[in-house]
Amino acid sequence: MNAVVGRRAYANGAVARGEMMQPAAEHKGCRTSANAGQASCGSRVGQGDLPTGIWEKVKNHPCYSEDAHHHYARMHVAVAPACNIQCNYCNRKYDCANESRPGVVSEKLTPEQAVRKVLAVATTIPQMTVLGIAGPGDPLANPEKTFRTFDLVAKAAPDIKLCLSTNGLVLPDHIDTIVKSKIEHVTITINMIDPEIGAKIYPWIFFNHKRYVGIDAARILADRQLQGLEMLSERGILCKVNSVMIPQINDHHLVEVNKAVKSRGAFLHNIMPLISAPEYGTVFGLNGQWGPTAQQLKVLQDACEGEIAMMRHCRQCRADAVGLLGEDRSAEFTTGQVMKMDVKYDLEMRKAYQDRVEDERAAKVTANQDGLAKFAGEMSEVTLLVAVATKGSGLINEHFGHAKEFQVYELSTSGAKFVGHRRVDVYCQGGRGEEDRLSTIIRGIYDCHAVFVAKIGGCPKSNLIKAGIEPVDQYAHEYIEKSAIAWFRSYLDRVKSGEIQHAKRGDAAIRQGALISAA
Ligand code: CLF
Ligand code: SF4
């Protein structure tokens, strides 16, 4: 029996507002809040939704808090080249697909080079709050380099949060070191709990000086991953589980994985799409295994959303990524450039900058709450998606033609909820729009009713309208959620007055056919 029904219960036995202790066997992620617009699906949690200790851990971690990812940056240092398993979606020439999109790591670093790079980035980007080690192999298959890097950074830059990502095979052997190293966040990639499915994803593992293949390999891996997750949760480490969605291999099975990791205390579940193409040289890429569409991914994420939070803002970063999620500033911080930089790690300056960021966030929350007041007491069945062009800070501040991605929000009378992003080809090339790209962009956001931009030209505007997507530019440089709510208010009013009819935009095949011809 659940002793905390009606309250929020968290992994590691934490209970909101100190009401009751949660039974040890019932590790839970945070639950969905009934608060309008403040659904507490972990990536959307706000200060009022979490116990203070957990809020302090996630409030400026761009992966563990959806809101934080608009404001704070992370960086990875590529100090861990070796790996102890083989995934069929990985080619060791490329970044670790646990946490990366395919693309070679520019440089592998020693721990000493890594700490200098961290200090250089911390000096230049004061909103960089998290150092992750995520490859390019498995960090725990390179334990000396990984833990030495964390220890050096903890001493040199004590305000930076330490974050580890692993395939989990040797995780149970490193729990004490993780705790001792003050690593507060650990990601484990768990793609299956059924070894028969695992055998289709992992050809081999190397464990205890022995190579295992097939179902035996997958069974050992799954057992060790779940054991490691449970041990970390018991020690108060916030754990995120990443799963790669591989159509017709583990897509339906990930619902079972979701339940299994929830029951072992995972704080957040991040289901990511398989990235696969022959040119990446992976087994899946060469065999023609395809990845899911953004819409298929959303259906699975929706199916898993319940008591555990679902992360929907992952950008599948490189193992040497630097910057806000979705931007990559790693090219500014090569070893050559870092050695030339005047590095002055200034804790006071960083704190002052982050205080200003917190003021901005507070203003945004107030504005969103004011916007939500427009729906006081009103219930409507209508829900729809809108796409937003943004460069960050929670603002509509990107031109349509410059957008590399659109963020997607689901609107209802409960508010605006971030549900994902769609990468697109940049429309504007050398000052003029590319019509082929416009068609691809429209295909990418075909299920959205409107697209919010800071500015848009006449040609893309009329093609979007033809495709049934309303271009909205009157909220340029204003807060995303507040603007989306204001537009949704006017949308409902237009439906009510008969000016427009609400129609769902759903069926992929029909919509795509219609929209490609419209563009
Ligand atoms: Fe890096 Fe991963 Fe830490 Fe984030 S990434 S080690 S938890 S600091 Fe974040 Fe990048 Fe997705 Fe990873 S967006 S791939 S979830
Ligand atoms: Fe590649 Fe990472 Fe899998 Fe190792 S754990 S094979 S580096 S994706």
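**Notes on the predicted model**

1. Let's start with Q225, which sits in helix α6, residues 214–234. (Helices here are DSSP runs of H or I with at least four residues, strands are runs of E with at least two, and both are numbered from the N terminus.) Q225 is buried, at a relative accessible area of 1%; buried means under 20%, exposed over 50%, and partly exposed in between, using a 1.4 Å probe and protein chains only.

2. Before going on, a word on the ground rules. This is a predicted model, where local features need pLDDT of at least 70 and side-chain atom pairs count only at pLDDT 80 or more, while totals for chains, interfaces and linings use all residues. Residues are numbered from 1 along each chain as its sequence is written, chains are lettered from A and ligands numbered from 1 in the order in which they are written, and side-chain values use heavy atoms, with hydrogens and water left out.

3. T166 is 59 residues away along the chain, yet the C-alpha atoms of Q225 and T166 are separated by 9.3 Å.

4. Now look at E481, in helix α14 (residues 480–497). E481 is buried too, with a relative accessible area of 11%. Its side chain makes a polar contact of 3.3 Å with the side chain of N368. (That term means a pair of N or O atoms within 3.5 Å; within protein, one must be able to donate a hydrogen and the other to accept it, and residues adjacent in sequence count only if both atoms are side-chain atoms.)

5. R329 is a loop residue, found between β11 (322–323) and α10 (335–340). Is R329 buried or partly exposed? Partly exposed, with a relative accessible area of 25%. Leaving out neighbours within four places in sequence, R329 is in contact with T124, I125 and V322. R329 and V121 lie 208 residues apart in sequence, but 9.7 Å apart in space, C-alpha to C-alpha.

6. Finally, the whole chain. Its secondary structure comes to 15 helices and 18 strands, and buried residues make up 58% of its 519 residues. Of the contacts with a separation of 6 or more, 71% are between residues 24 or more positions apart.

How values were computed
Contact = heavy atoms within 4.5 Å.
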